[in-house]
Amino acid sequence: MAQQPPQYTYTPPPPEVPYYNALFAAADKQSTGYLSGQQAVEFLSLSKLPVDLLKQIWTMADQPPSNTLDPQKFYVAVRLIQL
C-alpha cells in the first residue's frame, strides 16, 4: 500500500492575510475560489523556481489531491516557495 503524503497547512499571520488573499485573487482571474493546474503554473512560475521544484510544491500543497488549489492549499504553496 502506497503511503499518502503528509497534509501540510499554513495560516499566514493576521497582518499577512490580506497579502496572501491579494496574491490568490491575482492568480484566480475568473474568481472561481480555486486555481486550476494551469492557473497555478502561470502564477507560481513567476517565482522563477525550477519546474521540477514547483511540481513538488504542488504535490505537497494539493493534499488531499484535487488537482486544484483552494486558498488554504495556495497558502501552503506560497509559503513553500518563500522558504
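Me: Which residues does Asp28 touch, not counting residues up to four places away in sequence?
Reply: Asp28 touches Gly33, Tyr34, Leu35 and Gln39, where contact means heavy atoms within 4.5 Å. This is a predicted model, in which local features need pLDDT of at least 70, side-chain atom pairs count only at pLDDT 80 or more, and totals for chains, interfaces and linings use all residues. Residues are numbered from 1 along each chain as its sequence is written, and side-chain values use heavy atoms, with hydrogens and water left out.

Me: Where is Asp28 found?
Reply: Asp28 is in the loop between α1 (17-27) and β1 (35-36). Helices (H or I, at least four residues) and strands (E, at least two) are DSSP runs, numbered from the N terminus.

Me: Which backbone nitrogen lies 3.0 Å from a polar atom of the side chain of Asp28?
Reply: The backbone nitrogen of Thr32 does.

Me: Turning to Asp62, is it buried or exposed?
Reply: Asp62 counts as buried because its relative accessibility is 3%. Asp62 lies in the loop between α3 and β2 (68-69), and its side chain reaches the backbone nitrogen of Asn67 at 2.9 Å.

Me: What does Asp62 touch, not counting residues up to four places away in sequence?
Reply: Asp62 touches Asn67, Thr68, Leu69 and Lys73.

Me: And where is Asp70 found?
Reply: Asp70 is in the loop between β2 and α4. With a relative accessible area of 31%, Asp70 is partly exposed.

Me: Which backbone nitrogens does the side chain of Asp70 reach?
Reply: The side chain of Asp70 reaches the backbone nitrogen of Gln72 at 3.1 Å. A polar atom of that side chain also lies 2.8 Å from the backbone nitrogen of Lys73.

Me: Leaving aside neighbours within four places in sequence, what is Asp70 in contact with?
Reply: Asp70 is in contact with Phe24, Gly33 and Tyr34. The C-alpha atoms of Asp70 and Ser36 are separated by 9.2 Å, and these residues are 34 residues apart along the chain.

Me: Which residues in α3 meet α4?
Reply: Leu54, Ile57, Met60 and Ala61 in α3 meet Lys73, Val76, Ala77, Leu80 and Ile81 in α4.

Notes. A polar contact is a pair of N or O atoms within 3.5 Å; within protein, one must be able to donate a hydrogen and the other to accept it, and residues adjacent in sequence count only if both atoms are side-chain atoms. Buried means under 20% relative accessible area, exposed over 50%, partly exposed in between (1.4 Å probe, protein chains only).
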